[in-house]
Amino acid sequence: METKAYFVNLPVSPKKARFYLPAIKKLKPAESLEFLMYENTDASEILYKAIKSAISSARQTLKVEDNLLKFKLLSVEQGQKLKRYRPGSRGNAKPINRRMSHIKIILEASKSVKSVRKIEASKLKIEKTKK
């Protein structure tokens, strides 16, 4: 069971956002939020919000706790470019590209909660019968 979250045209360059991917992919999504909370860059704030949103949507659709989720795919892709110009020397125009990025997050549940609930229910029945 998996959920997909795709965030489009986020105002951070892909190069700056990709800097955090190797460290975050190793962690669980809940742990990656703790890691990103203490980073002090725009890219980390945007990644924090994106992962938090993906976790909350996975919680709603899969009915799963945060600690059972893990990253199946986490990628940052090139988005649109806003082309701007600044005045340069001798009347030339110097180009500025304001890059945007797309973040794709796929979360999967490692265990099914329904099976865990069934086991807990069966334990309760056993305990009630013993008393």
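These are my notebook entries on one protein model and what I looked up in it.

**Ground rules**

I am working from a predicted model, where local features need pLDDT of at least 70, side-chain atom pairs count only at pLDDT 80 or more, and totals for chains, interfaces and linings use all residues. Residues are numbered from 1 along each chain as its sequence is written, and side-chain values use heavy atoms, with hydrogens and water left out.

**Overall layout**

I started with the secondary structure and got five helices and three strands. Helices here are DSSP runs of H or I with at least four residues, strands are runs of E with at least two, and both are numbered from the N terminus. Along the sequence I read the pattern as β-α-α-α-α-β-β-α.

Next I checked burial: 32% of the 131 residues count as buried. For this, buried means under 20% relative accessible area, exposed means over 50%, and partly exposed is in between, with a 1.4 Å probe and protein chains only. The areas come from the Shrake-Rupley method.

**Salt bridges**

How many salt bridges does the count come to? I get three, taking a salt bridge as a side-chain nitrogen of Lys or Arg within 4 Å of a carboxyl oxygen of Asp or Glu.

I looked at Glu 2 and Lys 72, where the closest N and O atoms are 2.7 Å apart. This pair links distant parts of the chain, with Glu 2 in strand β1 (residues 2-10) and Lys 72 in strand β2, 70 residues apart. Glu 2 has 35% relative accessibility, so I note it as partly exposed.

Then I went to Lys 70 and Glu 108, whose side chains meet in a salt bridge at 3.8 Å, N to O. Here too the link is between distant parts of the chain: Lys 70 sits in strand β2 and Glu 108 in strand β3 (residues 93-109), 38 residues apart. Both ends are partly exposed, Lys 70 at 39% relative accessibility and Glu 108 at 22%.

Asp 66 and Arg 59 also form a salt bridge, at 2.9 Å from N to O. I have Asp 66 as partly exposed with a relative accessible area of 25%, and Arg 59 as partly exposed with 39%.

Glu 31 belongs to helix α3 (residues 29-37) and is partly exposed at 39% relative accessibility.

**Positive patch**

Which residues gather in a patch of positive charge on the surface? I find Lys 15, Lys 81, Lys 83 and Arg 99. Patches are made of residues with over 30% relative accessible area and no salt bridge, and like charges are joined within 9 Å. Lys and Arg count as positive, while His and the chain ends are not counted; I take the place of a charge as NZ of Lys or CZ of Arg.

**Aromatic pair**

I count one aromatic pair. Phe 19 and Tyr 20 have ring centres 5.3 Å apart and planes at 80 degrees, so I log the pair as edge-to-face. The rule pairs rings of Phe, Tyr and Trp (its six-membered ring) if their centres lie within 6.5 Å; planes under 30 degrees apart count as stacked, over 60 as edge-to-face and the rest as tilted.

Is Tyr 20 buried or exposed? I find Tyr 20 buried, with a relative accessible area of 6%, whereas Phe 19 is exposed at 61%.

**Backbone checks**

Asn 9 has a phi of about 55 degrees; its place is in strand β1, and at 29% relative accessibility Asn 9 is partly exposed. Arg 90 also has a positive phi, near 55 degrees. Arg 90 lies in the loop between β2 and β3 and is exposed, with a relative accessible area of 84%.

Last, I checked Tyr 85 in strand β2. The C-alpha atoms of Tyr 85 and Asn 97 are separated by 8.5 Å, and the two residues are twelve apart along the chain. Tyr 85 is exposed, with a relative accessible area of 59%.

How values were computed
Patches are made of residues with over 30% relative accessible area and no salt bridge: like charges are joined within 9 Å, nonpolar side chains (Val, Leu, Ile, Met, Phe, Trp, Tyr) within 5 Å. Accessible areas come from the Shrake-Rupley method with a 1.4 Å probe; for residues, only the protein chains shown count as cover.
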